[in-house]
Amino acid sequence: MTTFSQVYAALRRKSRGQYALLSGCSFFSVLLITAYLCMMRSPTILSVLPEGGDSRKQVMMVFVLAVAGCALFTTYAAGLFFRQKSRQIGIFLALGATRRQLRREIFRDLGVLALLSCAAGALLGGPLAAGIWGLFRAFLVDSREMALRLDGRAYLPALAFAGYVAAMLFFLGNRAVQGVNVLDIVQESHRSEPIRQVKGWYGRAGIALVVLGALAGYQAPRFFIQVLRWYPPTIVSGLFYLPALAGLYLILLHTVVNGWRRGRRYQDLIAVSLMKFQGRQTVRNMLVMTLLIAGAYFAAFYAPMLSTNSQYSFASRPVDFEYHWRADQDLPLRGEVEELAGEYGVQITEWAQVQAASLGGDGTVSLEQDNGALGTTYTTQYREVASGATFFSESAWNALTGQQVDLARGSCANVLDDQGGSRYLSGGDVSRVTNMVTGRYLSLTPAQPLRFTMLLGCYVLDDEDYDFLTAGLTDFWKQNYVCFNVADVSASYPFAVALFHEIVDRSGPEVEVFDAWDPVERQIQIRQTGSYPYDSREYLASHDLPVIDYAQRDSSDFRNYWLYMPQFRVLDQNDFVTTMAVFLMLFVFIALICFGAVVVIAFTRCMTIALTSARVYADLRRLGAPERYLFGSVRGQVSRVFLVPALTGTAAISFFYAMILYCNDNRFTAGELAGLGVCAVLLAALSALLYLVYRFTLRCVCRRLDIRPAKKAG
Amino acid sequence: MLNVQDLRKSYQVGSATYEVLRGVCLRVEKGEFVAVMGPSGSGKTTLLNCISCYIPADSGSITLNGRELARLNREELARVRNRQLGFVFQDFLLLDGLTVRQNILLPAILSGAVTPRAQEQADRLCEAFGISSIRDKYPAEISGGEKQRTAVARALLNHPLLILADEPTGNLDSRSSRAVIRAFEQAKQSLGATIFMVTHDSFAASFCDRVVILRDGVVWQTLERGAGSRADFQGRLLNAIRDMGKE
């Protein structure tokens, strides 16, 4: 060994563990971020996530969280690597090595390490995403929509992240040899970073801030929109969540420095004081883990919540089959449907067919003003004809729903869901209804709302008022509604599919429209501007709105947004998972990535306890500490690193999720409660898995420190 | 050889400033074995670290063979450390991943001159300090005394003008301490080494030609060993320290 490079190589071989740890962290962070990006930027996913929609925002929010987590955690791993390396660097400098000499060796190491780990992570990210997606398709659910298409451009931000990792490594590497004080460099690895004094009330204040932040963050947009009439940029609303973040930090700080169990101050002394030595880093790591766990659960809840809620809603429908069509269309009537049912051995037990009308209702419309970076403000204006809705006569309503409604003349009832909620979707009360063909109108008083989820958002009028208002309507403004039941609905799936296809096949291109297409608004806009943008498929596509295509009748866009989509219980129940497959699996994928990141971070963090505390445990053993004490102390640290973020993240997201559901319309619907129940089961299962990882990690740390918990029995 | 003039160094802790060196002046001649003693906080280690240029001094001058160390750039300073200075630290600062022989050869490796002569010199030093039998062992496998003798051998490899030793016996038992001091004496006698040692240990200091006693950041007293015995010199050192405590 005659050259500095050979010496450096020999030392590298001796510290393979440190190199492996840093390479592993860089590799995993780039791998996870690349996989996430490949999925997030995939045309398959983008086609089902509406631009500006909540789902896309949620996916982006969790992505930002994952990037922050991976960046922080990789930076931490690099910091740890250079702290351990600092003694070598200091000795070399003390013995007369030049900084240039050192930098050359360190940069060569980092170059190879960054290139291999980042390149491997970036290269394997795409295959990982495709592999997980393939497993979903093979074992969980498959549909034509799920065919994964990856966009090469997703690699650009992934490469940017890999570039960050490489740049950060070189920056820290350069900083490690730049120090002026050689002794400081030598002592760097022993330097502690204690947290300033942490008051006893930090924990309680933290919990209060988390609750306050969650409430403020969630309610702020509502306040801005409803009171200030301002749609602020997302970042402004996001700022209101900051108290929750600060609260989480305080909780973790209190946990690391003070602990929650006052009676065990001396039992926990070693564990707590060891963690204090790495205070800031520990708390930062725990905060990242807490947020990632919260993000992972948030994504994990999506599929069970949506599935349970929807299945509950399908099961509680009062009729098995409902379909409707514009009167100018030629759709199958009773005879044809019965004939088709006969072909499939299905017996129709009840049948009701009624007519309804599309009329204009009064109301306030929002006039938005785009203020660029400052968001959008709006003013409201009352209009006698604001938008259209479907109106039934009370006799038609009774025939269709089996209810016994008798409205007074001059009144109009809005239809809410079965629990009397979802007012934000129902359109609200109207006081003036207009026939768009003749211009006839009636001033009405709002009646007690009716309940019928399948016809949410419709209106019911007194028979005479209905006759008065609909006189002179052309078929364009009329609709037919059919509801029927069958003898054995569970056996009627093939019939339901056949009828669905029949309905779609016989619907003309003029009704190939999505559910926001409104004939009333259309007429108003055509009168004012000469055109209605929702008639243009190009407009819809360019604004990322659903483009209805009869050829794509099994797609989620079609099933969710076709204006005339039938509601067949058995069809919806059976096809729900395949219709929503991309949505559901995307969120399962995100949960997997986040949980993967959490496990890697927690494991790495805990293993560094073994690396950095080995001398302390050797000293404690020399002082006569029994294995039981040593094990308890290690467990104290590992459990804090692992379980505290898990518990905090789980509690925070459970509270937040329940709050979102409740605040939607100030209640929990039965479907939401059922969904929450399933989420609780999932949460228990995932927590059990996390606990198993914790036990495995604890065993690894003990093995590294040569602590045998079994000895406690002796 | 080494000339320190009016050296001052202070530390800032929060809003308070602690003046550790308050105008230290001293000289070390070629071939001298000089110790610096003094109570904790007197500035011994700070003085050594300033001379080593590990930490920058606030003011004053340090010249080594007529070269002002503070004026050297990083490259020149590295060359001085590598070729003209040898270092021995209290906690040895050996690299755990290298064998004893490799650690000794490190200054030559760093200067890119691992000649057969340097290798012979390393073997000679191993022989001289009684560590030949452990030269292929790693630091984790040898005793504290052996580690420190390895560090002394490493400090001597490049025939430096001056060896700077910071509490070289501080972490050692009496037997190992004696072996390290013997190694210094040997280096002085057979290699003509100049040694500047900071120590708490009056026994170790009593082997020196001269002892500089620091107090509150200035040179309080300088004692020469002269022609007397080592034991007499240790007695004088202890008396001086006792007197310092009385003042």
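Biologist: At what angle do helix H13 (residues 334–343) of chain A and helix H17 (residues 493–506) of chain A pack?

Modeller: This is a predicted model, in which local features need pLDDT of at least 70, side-chain atom pairs count only at pLDDT 80 or more, and totals for chains, interfaces and linings use all residues. Residues are numbered from 1 along each chain as its sequence is written, while chains are lettered from A and ligands numbered from 1 in the order in which they are written. Helices are DSSP runs of H or I with at least four residues, strands are runs of E with at least two, and both are numbered from the N terminus. With axes as lines fitted to C-alpha atoms, for helices over the stretch in contact, and angles running from 0 to 180 degrees between N-to-C directions, the axes of H13(A) and H17(A) are 9 Å apart and the angle is about 145°.

Biologist: Which residues in H17(A) do Val337(A), Leu340(A) and Ala341(A) meet?

Modeller: Two residues are in contact if their C-beta atoms, placed from the backbone, lie within 7 Å. By this rule, the partners in H17(A) are Phe495(A), Ala498(A), Leu499(A) and Glu502(A).

Biologist: Why is helix H2 (residues 16–40) of chain A described as largely enclosed?

Modeller: A residue is buried if 20 or more other C-beta atoms, placed from the backbone, lie within 10 Å of its own, exposed if 12 or fewer, and partly exposed in between. H2(A) is largely enclosed by the rest of the structure because the buried residues number 18 of the 25.

Biologist: Is Arg229(A) buried, exposed or partly exposed?

Modeller: Arg229(A) lies in the loop between helix H8 (202–226) and strand S1 (230–231) of chain A. Its phi is near 55°, a positive value in a residue other than glycine. Because 15 other C-beta atoms lie within 10 Å, Arg229(A) is partly exposed.

Biologist: Is Asn65(B) buried or exposed?

Modeller: Asn65(B) is in the loop between strand S4 (59–64) and strand S5 (67–68) of chain B. Although Asn65(B) is not a glycine, its phi is positive, about 50°. Since it has 12 C-beta neighbours inside 10 Å, Asn65(B) counts as exposed.
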